[in-house]
Amino acid sequence: MRVLWEIGEATVTDVHQALLSERGLAPTTIATMLKKMEEKGVVAHRADGRKFIYRPTVSEDQVTRGMVSDLTERLFRGDPVALVSHLISRHEIRPDELSELERMIAAARKKEGKR
């Protein structure tokens, strides 16, 4: 999906080339994955001669939101505070990252106050 999000449309060969050094997957594996993703409705294709050109039908943001929501439900019983607490306590966070988190919290508080 990341390849399709980055370049918009791609053939199996394009995706294979983009992932070759990172994953080393065979072109047939890429083709199978794209077909399965199409069956799930997250990609679609159009024909250009004998080639299929795939494109994403969902945004990265939609997928991220869905996966984080599912993760929060499954592992943290729907408690986002528990998720954030886990991330903060289990990962080393740089001072600049902490500052960014504090800025985001302040913005969320300000936004909530306007409601």
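The lining of the largest pocket draws at least three residues from each of domain 1 (1-56) and domain 2 (60-113), the domain bounds coming from an automatic or database domain assignment. This is a predicted model, in which local features need pLDDT of at least 70, side-chain atom pairs count only at pLDDT 80 or more, and totals for chains, interfaces and linings use all residues. Residues are numbered from 1 along each chain as its sequence is written, and side-chain values use heavy atoms, with hydrogens and water left out.

A pocket is an open set of points on a 1 Å grid over the protein atoms alone, where a 1.4 Å probe fits, with protein on both sides within 12 Å along at least five of seven lines, and lining residues have an atom within 4 Å of a point.

| Pocket | Volume | Largest share of lining |
|---|---|---|
| Largest | about 400 Å³ | H1, five residues |

Of the 18 residues lining the largest pocket, Met1, Arg2, Val3, Leu19 and Arg23 are the closest to its centre. For the second largest pocket, which 13 residues line, those closest to the centre are Val84, Ile88, Leu101, Met104 and Ile105.

Thr11 is located in the loop between helix H1 (2-7) and helix H2 (12-23), helices being DSSP runs (H or I, at least four residues) numbered from the N terminus. Thr11 counts as buried because its relative accessibility is 11%, and buried means under 20% relative accessible area with a 1.4 Å probe, protein chains only. Leaving aside neighbours within four places in sequence, Thr11 is in contact (heavy atoms within 4.5 Å) with Lys51, Phe52 and Ile53.

Technical notes:
Helix = DSSP H or I, 4+ residues; strand = E, 2+ residues; numbered from the N terminus. Buried < 20%, exposed > 50% of the residue type's maximum accessible area, 1.4 Å probe, protein only. Points joined across faces, edges and corners; volume = space filled by probe spheres on them.
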